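Notebook open, structure loaded. I want to go through the strands first, then the helices and a loop.

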Amino acid sequence: MKCPFCHNRESKVIDSRDLREGESIRRRRECLKCGHRFTTYERVEPINVLVIKKDGNREEYSREKLSRGVLTAFTKRPTQAAQIKQLIDEVEAEIFQNGELEILSRRIGELVMNKLQAADPVAYIRFASVYREFADLDVMRNEMDKLVNQEREKREKQHIHAALQEGISP
Ligand SMILES: [Zn+2]
């Protein structure tokens with residue numbers, strides 16, 4: 001960092017402080033040659049990941065777009081907004097964690113589906129039906145069968161439970 005007074009390149013940092021929750025750092029420096037003090041700012045450059053779409057076109061990653069897809073999958077589901085936000089945060093962290101500048105849209109879809117599968121089977125199937133490729137239709141049908149069976153078992157259990165409470169054997 002050049003001294004603005006004498007253009008000497010050597011200075012020492014005499015004070016350093018985080019601004020805006022660590023998004024940038026302000027440093028007070030003292031020129032080692034002329035002794036003048038000056039201030040520098042350092043900030044993290046935001047990374048823009050490019051998403052490679054199915055047709056090969058690239059577009060900037062958008063959290064808003066990711067959120068829209070996930071929120072649509074959770075329409076009328078009992079999942080809390082805070083949980084959905086956390087799920088989106090986790091997917092986003094995985095998109096950015098390896099520092100790659102490009103990611104396949106398909107890969108993002110897989111990251112979301114992994115999370116949804118654990119969080120809510122209905123949201124998972126809704127999302128998968130939009131994002132999965134044609135070749136994966138069998139996988140989707142298996143998932144739906146599983147879900148239908150789960151629901152049926154749940155209903156049967158409730159039915160048996162209700163019948164027992166009324167003192168009638170099922
Ligand atoms: Zn200087």
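Ground rules before I look: I call two strands paired if DSSP finds at least two bridges between them. Helices (H or I, at least four residues) and strands (E, at least two) are DSSP runs, numbered from the N terminus. This is a predicted model, where local features need pLDDT of at least 70 and side-chain atom pairs count only at pLDDT 80 or more, while totals for chains, interfaces and linings use all residues. Residues are numbered from 1 along each chain as its sequence is written.

**Entry: the sheet**

I looked up the pairing of β1 (residues 11-19) with β2 (residues 24-31) and found eight bridges, antiparallel. I noted two partner pairs here: Ser 11 bridges to Cys 31, and Leu 19 bridges to Ser 24. The hairpin between these strands has four residues, and Arg 20 there takes a positive phi near 40 degrees.

Next I followed β2 into β3. These two also run antiparallel, joined by seven bridges. Glu 30 has Arg 37 as its bridge partner in β3. Five residues sit between the strands in this hairpin, where Gly 35 has a positive phi near 80 degrees.

Which order do the strands take in the sheet? I read it as β1-β2-β3, an open sheet of three strands with antiparallel pairing. β1 and β3 (37-43) stand at the edges with a single partner strand each, so one side of each has no neighbour in the sheet. Ignoring direction, neighbouring strands are turned by 25 degrees against each other on average; axes here are lines fitted to C-alpha atoms, for helices over the stretch in contact, with angles running from 0 to 180 degrees between N-to-C directions.

I then checked burial (buried means 20 or more other C-beta atoms within 10 Å of a residue's own, exposed means 12 or fewer, partly exposed is in between, with C-beta atoms placed from the backbone). How many of the seven residues of β3 are buried? The number is zero, so β3 lies largely in the open.

I checked the span of α2 (residues 81-97): its 17 residues reach 24 Å from first C-alpha to last, close to the 24 Å expected at 1.5 Å a residue. That expected span is 1.5 Å times one less than the number of residues. Just after α2, I noted Gly 99 with a positive phi of about 75 degrees.

Lys 76 is in the loop between α1 (63-73) and α2. Buried or exposed? Lys 76 counts as exposed because it has 5 C-beta neighbours inside 10 Å.
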